[in-house]
Amino acid sequence: MEQLKTIGRELAMGSQGGFGQSKEFLDLVKSIGEARSKAEEDRIVLHEIETLKRRISEPDIPKRKMKEYIIRLVYIEMLGHDASFGYIHAVKMTHDDTLLLKRTGYLAVTLFLNDDHDLIILIVNTIQKDLRSDNYLVVCAALNAVCRLINEETIPAMLPQVVDLLAHSKEAVRKKAIMALHRFYQKSPSSVSHLVSNFRKRLCDNDPGVMGATLCPLFDLITIEVHSYKDLVVSFVSILKQVAERRLPKSYDYHQMPAPFIQIRLLKILALLGSGDKQASENMYTVVGDIFRKCDSSSNIGNAVLYECVCCVSSIYPNPKLLEAAADVISRFLKSDSHNLKYMGIDSLGRLIKMSPEIAEQHQLAVIDCLEDPDDTLKRKTFELLYKMTKSSNVEVIVDRMIDYMISINDNHYKTDIASRCVELAEQFAPSNHWFILTMNKVFEHAGDLVNVKVAHNLMRLIAEGFGEDDDAADSQLRSSAVESYLHIIGEPKLPSVFLQVICWVLGEYGTADGKYSASYITGKLCDVAEACSNDETVKAYAVTALMKIYAFEIAAGRKVDMLHECQSLVEELSASHSTDLQQRAYELQAVICLDAHAVENIIPSDASCEDVEIDKNLSFLNSYVQQSMENGAQPYIPETQRSGMLDTNFRSQDQPEASLHGLRFEAYELPKPPVPSRIHTASLEPSTELVPASEPAYPKDTHQVATVPSVSDAGSSELKLRLDGVQRKWGRPAYSSSAPSPSSSTSQNTVNGVTQIDAAGSVISKAHKTNDSRKPRVEISPEKQKLAASLFGGSSQTEKRSTSASHKVTKAVSHAAGKSQAPKSAVVSNQVTVEKTIHQPPPDLLDLGEPAVPSTTPSVDPFKQLEGLLDPTQVSSTANHGAVGAATESPDIIALYGKTPASGHSSSAAISLPTNGDGVNFTAGLLDATLSTAHAGTTLPTQSIKGLNAKDSLEKDALVRQMGVTPSSQNPNLFRDLLS
Amino acid sequence: MGIRFILMVNKQGQTRLAQYYEYLTLEERRALEGEIVRKCLARTEQQCSFVEHRNYKIVYRRYASLFFLVGVDNDENELAILEFIHLLVETMDRHFGNVCELDIMFHLEKAHFMLEEMVMNGCIVETSKSNILTPIQLMEKA
């Protein structure tokens, strides 16, 4: 057999004169093709770059040669190396007059350059010229380039010409002009906003290709603004109807489906237009139902259309019959052996359960199979489905599964995704707070660095607020369990920073609250955390503040504080830290433990993190003091705005509202006047020293600065201190606001602030808990899978629907739809009359509904169905992929041929010339060979075309290749293997 | 957008054709191709032909030694893309006759021209083989 082929190749050689490519190029391709490793390939390409750099700038390179160089540049970039040295030559090639060279030039430029590249400007002129060309192929080439190279700035240069081309006589040009306009719309919607009506016009184009292309921009437009296009519903429906009735030219058929890609896009558009619109949806029911019935469910493409139908049905206003049809399709998908179909089934199930939640139940086992499938893609899709059908009755099972999966994967992107979903579900449906905390622990432990910080704040708030108002016992139980779980976890290595922050905060607030653990035990643990995270200042800060809280609670409770040795050394270390924040906290700690119980209780009240901190912005509590000082001769306070000339401008905060201050000052700066501030200074120091005696050595300056502007709001004063930001705020506030109800320490204020910023989700959680607490998944005593099924699906019929997204209100009646659609329809009809008779197929009148006669012959007996018994059905289903081989008249011949082959098992001489195959090539032994081999090969793809028809071609090619020196028997025979065989 | 990129890669992971519908730098392309090729080539025949990658999906299909990989947005119909790949192969097959890896390598620009006819702005615009191939045939004659 091989020998025969080879002889054929040799014989066929004479007829053709090679690929028109130089030996050099063929050698390059050959060596790249045979490269065994990336390193080898890189070596070849680097060598090629050197060669090309030399050669490409030589003078007087023949055009053909230059084209080859350009392709070699494309190779270089494709294989990941920089070919920018040759870009200019590609640009030059676009100026060429020969179409092939011009198009190659454009191709290379679009592959090399982004639309903001400097060289583009050199092409704009060429494109403009080419758009005016008489040769429509040149115009097409230019329009291709327009779609890739024109950016927002150059759109105006092209727009008028592109718009003119929308009316070009060649359909290929109209199609590309529409897409160019689409591109402009993508790049800058405003630039073409006045031209949007052109898309509507082109929808009625005589040429189905132009119509099909127009659906792309229309889809985008409708996605953004549904309401302006409701009038087109009738048109889209009628087009879809005609496509489904095979009114388009046969060349659009694919595997016997009439224009499936156009059908799919139309279904997508209808799904948008019918969403939540009963009236629009009612127009669609018939045609979608028809497609459901007509679709060939044995081919991939048929299933693709069916899937799109399901998507459409689950988006438009529900119709019981269609929902039923969709459910049937889904169950067929799920029962299929093909993983692809299972995947589509899971996806469509996720869409349909919004409409009919009960459908999930009948597929529970199939879903669980998919969940346990080793295929990651299928698994993820199933998790997506589970996410959509989670409710309070099954949340525990689902979230547990998700977490297990999350732990098992490494892909950070997906880990983040699934972690945030776990958090979302847990927050929404948690059956108990205890479960919630344990779940969050797991999420934090394994994906803490990936989840949003807000989640951590939410968790802290939940622990602080507990169930809410009344149930104190439950709250403290919750906290105890949190503390317990954290003490258990804290020893684990490499916990994420966010999680450690939560742990420190909770241990600080509640570690000793229930008396189960001693202060020294908790503080020891906290010191360990701080030591373990020597690089993480935030965690250290949380830990130190937690230590301070523990000590403060101890002091307030009247117990004697014995600071652990390690704590002492930690605090000492931190008080010399480079971080002013850590320093600050360390000094705070040292100061607090020297205070008496009463003072401490005021500074850090126990369990007060939920109390609001009231801030007296007027500092009215200082009034009596100010009065007293003024009586003693102090100068009255001058508001900052009036003080501008008196103080050094350096002392002013940068962001004062007055614009004048930002302008240049032309007069010389005044000398600073020391007596004014200094007097206030000494006076203002007193109150702070009274309240916080420990503070004065470290922070006299800050207190002074604050005190200089006592009547300015708190925010204003904090701006004054400029560089010592964190330091001042923390000490300043307790110092002069001690009369406020809850002067908790700086850090707890921090957290309180953090928590109060969070949205209302937390309160929703606690509500959800109360209602859902009683419901537990009922677990049956049966095989594991059934158990899982029951816990996943069991409660579905009696529990509440989760999302309200399925609610369909009839938003708007499209009363004018009928009237408007008349206009385009009549336009088309009149166009129809003028169509020339030279066109082979009758031009499809896309908007004409009246004509029921279908011109094309639909084979009443599908020839390929009959083949199923003879060949593997998966292969047979697609034998028809040469679209032309569809007519029923040919089928007997083919069947006869196939009927013979398995019986004889020998090369037959049956030479049947297929009229549909352009060349009329004889069937040779190759046919039998091909069909037999496909029948046996385990690895063949589900769709196969009738191969072997072109045996001659392959022989010629092989021979040619041999002649060029590329021998198939060398290293990489794969290069020669036909893709479709 | 729909289609973000189309790649042809052989089973050693070497790129045979690359067309991106959104601009990526050379480094980004290199990294992306490396990542997804590793992902897809590791899969078995029984597994789905779809792989999620970052925020999009890859639909792939193997023909002899060559993998066709198409990166699409999440709302794209995967099965349709799978058939689009087959349509592309059939179209190339009609043009080259028993198309093989070497045909694509020797006629890289023609494979690109076909793609240019079939996909614009990341959308499938033409599915009629004769419409796709006519301009290319005319150009050869010219």
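**Figure 1. A:Glu24 and its partner A:Arg55 in chain A of this predicted model.** With a relative accessibility of 27%, A:Glu24 counts as partly exposed (between the cut-offs for buried, under 20% relative accessible area, and exposed, over 50%, using a 1.4 Å probe and protein chains only). Its side chain meets that of A:Arg55 in a salt bridge, 2.9 Å from N to O; the term means a side-chain nitrogen of Lys or Arg within 4 Å of a carboxyl oxygen of Asp or Glu. A:Glu24 sits in helix H2 (residues 23–34) of chain A and A:Arg55 in helix H3 (residues 38–56) of chain A, so this pair ties together parts 31 residues apart in sequence. Helices are DSSP runs of H or I with at least four residues, strands are runs of E with at least two, and both are numbered from the N terminus.

**Figure 2. A salt bridge inside chain B.** B:Glu83 and B:Arg61 meet through their side chains at 3.0 Å, N to O. They come from distant parts of the chain: B:Glu83 from helix H2, B:Arg61 from strand S4 (residues 56–63), 22 residues apart. Both residues are buried.

**Figure 3. The place where chain B and chain A touch.** The contact (heavy atoms within 4.5 Å) takes in 81 residues of chain B and 97 residues of chain A. Eight salt bridges turn up across this interface. On chain B's side, helix H2 (residues 78–96) gives the most, with 12 residues. That side splits into 35 nonpolar, 20 polar and 26 charged residues (Ala, Val, Leu, Ile, Met, Phe, Trp, Tyr, Cys and Pro are nonpolar; Asp, Glu, Lys and Arg are charged; the others, Gly among them, are polar).

**How to read these views.** Residues are numbered from 1 along each chain as its sequence is written, while chains are lettered from A and ligands numbered from 1 in the order in which they are written. Because this is a predicted model, local features need pLDDT of at least 70 and side-chain atom pairs count only at pLDDT 80 or more, while totals for chains, interfaces and linings use all residues; side-chain values use heavy atoms, leaving out hydrogens and water.
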